[in-house]
Amino acid sequence: MDTSSSHGDKYRSFMYGEGEKNTVWRNGAPPNYDLVNKLFEEGRTQEWPIGSVEEKVQRLVKSWEMEMVNKVRVEDYKTLNPQKFTFSVNGRPSITIAEIRQMGGSYNAFLQTALPKELRYYDPAEETTKSSNDAFITTFPRGFALEILHVYAGPPEIVYKFRHWGYMEGPFKGRPPSGDLVENIGLAIFTVDEAMRIEKVEFFYDRGEFLSGFLRVSPSDGLNEGSAPSKCPFVNM
């Protein structure tokens, strides 16, 4: 595969080529991952050989996240079976693609919480697809990178440990940029069919520990003004 951003992506599938000629993209064209790919290559702790189970799982997860955020129509998804797909976080009830969209997209689905409203630093119930996208795009101008740390079991039930990271180089929910590393480490289980299409996703991670990475600077310290970039960081994983 051509690795240049105009013809392909080093780490993701289903972005270019004949199979995507009719794909409807959220921003009118496939996303550009050059910045987050650079962040990934500079910050990863593992470099998996091409063709290894870890590299295949990493590509599947990155491709799935890319489709979830950037492809408008479910019928354009290649990484999952939309008729069977379900998603859950930290043992919460499973939800469908339609329910993910109804709650405002993948950010809000991933950050679901049972905390009382007054204790929610980030409240997915109050966020739209646009507001959640804008919040994370602004705070992570270089994106939010993803690596697979370990694969414990292979298909059809893939169990893996993941790491997400980025640098808080923009404001987030009234907090000024700290420049600090914000990290999220957890476990996930992907159940796939014979064609390696995802049918079930289960994530397990510490939501509070992740969000605490944004709280290291007081809002009273002021905000650094600047224009927000145009790409989506969580898909940029």
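Strand S3 and strand S4 (residues 181–192) run antiparallel and are joined by 11 bridges. Phe 162 faces Gly 186 of S4 in this pairing. S3 (residues 157–167) also runs antiparallel to S2 (residues 145–153), with 7 bridges. There, Glu 147 stands opposite Arg 163 in S3. S2 and S3 make a hairpin, with 3 residues between them. Strands count as paired when DSSP finds at least two bridges between them. Strands (E, at least two residues) and helices (H or I, at least four) are DSSP runs, numbered from the N terminus.

| Strand pair | Direction | Bridges |
|---|---|---|
| S2 and S3 | antiparallel | 7 bridges |
| S3 and S4 | antiparallel | 11 bridges |

This is a predicted model: local features need pLDDT of at least 70, side-chain atom pairs count only at pLDDT 80 or more, and totals for chains, interfaces and linings use all residues. Residues are numbered from 1 along each chain as its sequence is written, and side-chain values use heavy atoms, leaving out hydrogens and water.

Leu 60 lies in helix H2 (residues 53–70). Leu 60 is buried, at 10% relative accessible area. Buried means under 20%, exposed over 50%, partly exposed in between (1.4 Å probe, protein chains only). Not counting residues up to four places away in sequence, Leu 60 touches Thr 79, Ile 158, Phe 190, Val 192, Met 196 and Ile 198. Contact means heavy atoms within 4.5 Å. The C-alpha atoms of Leu 60 and Arg 197 are 9.0 Å apart, with 137 residues separating them along the chain.

Phe 204 sits in strand S5 (residues 198–205). Phe 204 is partly exposed, because its relative accessibility is 33%.
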